[in-house]
Amino acid sequence: MYGTQSKKDLSLEIQSQIPILRPSIHSRRANITVKFQDLYGFTVEGNVDDANTINDVREKVREQGKVWWSLEASKGANWYLQTDVSSALKASLKFSVLVNAITLKKLIRKGIPPVLRPKVWFSLSGAAKKKSTVPDSYYNDLIIAVEGKVTPATKQIDHDLPRTFPGHPWLDTPEGHASLRRVLVGYSFRDSDVGYCQGLNYVAALLLLVMKTEEDAFWMLAVLLENVLVNDCYSSNLSGCHVEQRVFKDLLKKKCPSIYAHLEAIEFDVSLVATEWFLCIFSKSLPSETTLRVWDVLFYEGAKVLFNVALAIFKMKEEELLMTHHVGDVINVIQNTTHHLFDPDDLLTAAFDKEWFMTSPNISKERKKQEPAVMAELDQRLRRINSSNVEVDG
């Protein structure tokens with residue numbers, strides 16, 4: 001049979017089998033590059049060990065699913081909604097509520113099974129509550145009302161659609177583009193202050209893959225931008241994102257002083273990698289399941305989680321980073337790390353290391369401290385731009 005096949009065909013046939021087979025020691029030593037699909041249909045390129053990691057993650061997901069379904073059976077459907085400790089304590093000291101809250105926090109950090117993510121996210125993030133405040137037809141009416149309208153936001157959205165996860169079997173199709181466009185355009189009219197910001201296309205695309213329906217993805221995007229993340233993160237001047245960068249840089253200095261000092265010495269600005277992390281919420285940097293594990297915690301514990309994750313990425317590669325000599329070297333180390341974090345447990349374990357984050361700072365207080373300097377800098381930048389425009393016009 002093989003005598004009639006070209007070398008290319010034979011190579012493809014062998015590669016397609018590697019992810020589902022345990023490679024031999026010789027294969028590992030050869031460090032064969034393979035392509036395989038992850039849990040959400042993304043084609044990933046890596047070595048044989050990466051493929052095995054994906055298989056291991058699939059098994060972990062199945063095992064974690066058994067834990068969740070067991071709790072559904074013993075505690076009842078939607079048991080995780082009965083975890084509001086503060087309101088429960090006001091009414092009566094319900095021990096079961098406290099136990100559920102502690103259990104839920106631990107469970108979420110270990111990961112929500114993909115099949116349960118849509119329901120759990122929608123409930124715990126506040127999206128269900130937000131949706132309940134408007135008529136049932138809100139989303140459909142909005143989509144009909146904005147159909148055919150052209151704005152700077154819609155033009156940018158149309159430009160970004162083909163560049164959003166190219167090659168994905170559903171997102172990169174006419175149907176996928178149309179669905180993503182409706183969600184993004186709809187939100188751009190819902191919140192004209194945000195409109196559309198590059199980066200949201202990746203976030204909304206991943207929400208679509210998880211939530212399955214446009215309407216649910218729309219409300220998840222709404223609660224993310226309006227309640228979970230810092231204000232003005234996606235405004236025209238990205239002031240909120242600039243504040244987050246300053247806070248992160250400060251945290252890196254406190255938590256990883258050696259790394260911070262070294263990066264300062266080689267004139268590396270952390271915003272070179274962290275801006276994308278905060279704007280795309282890691283969706284463009286981490287493998288899909290790892291990103292969604294971060295989002296599991298984000299939707300339950302809030303935006304402070306993003307700092308834990310960002311710090312963990314630097315902390316995990318401290319030795320390699322301290323050996324770098326140029327800005328490009330740092331970027332290569334960080335990107336190679338993030339693109340191959342196929343096992344979410346590696347990242348999440350580092351992000352929530354108790355000893356490391358025992359004295360976690362008050363993020364809200366840190367933001368308030370950074371805001372005046374950021375706003376002053378942005379205002380000065382705007383004045384320079386306006387001054388340049390006047391000179392050109394003159």
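Trainee: Which residues form one aromatic cluster here?

Mentor: Rings of Phe, Tyr and Trp (its six-membered ring) pair if their centres lie within 6.5 Å; planes under 30 degrees apart count as stacked, over 60 as edge-to-face and the rest as tilted. Here Phe 248, Trp 277, Phe 278, Phe 282, Phe 307 and Phe 314 make up one cluster. Bear in mind that this is a predicted model, where local features need pLDDT of at least 70 and side-chain atom pairs count only at pLDDT 80 or more, while totals for chains, interfaces and linings use all residues. Residues are numbered from 1 along each chain as its sequence is written, and side-chain values use heavy atoms, leaving out hydrogens and water.

Trainee: How many aromatic pairs does that rule give?

Mentor: The count comes to 18 aromatic pairs. One of them is Phe 42 with Phe 165, edge-to-face at 5.0 Å centre to centre and 70° between the planes.

Trainee: Where do Phe 42 and Phe 165 lie?

Mentor: Helices (H or I, at least four residues) and strands (E, at least two) are DSSP runs, numbered from the N terminus. Phe 42 is in the loop between strand 1 (33-37) and strand 2 (43-47), and Phe 165 in the loop between helix 9 (152-160) and helix 10 (174-190), so the pair ties together parts 123 residues apart in sequence.

Trainee: Are Phe 42 and Phe 165 buried or exposed?

Mentor: Buried means under 20% relative accessible area, exposed over 50%, partly exposed in between (1.4 Å probe, protein chains only). Both Phe 42 and Phe 165 are buried.
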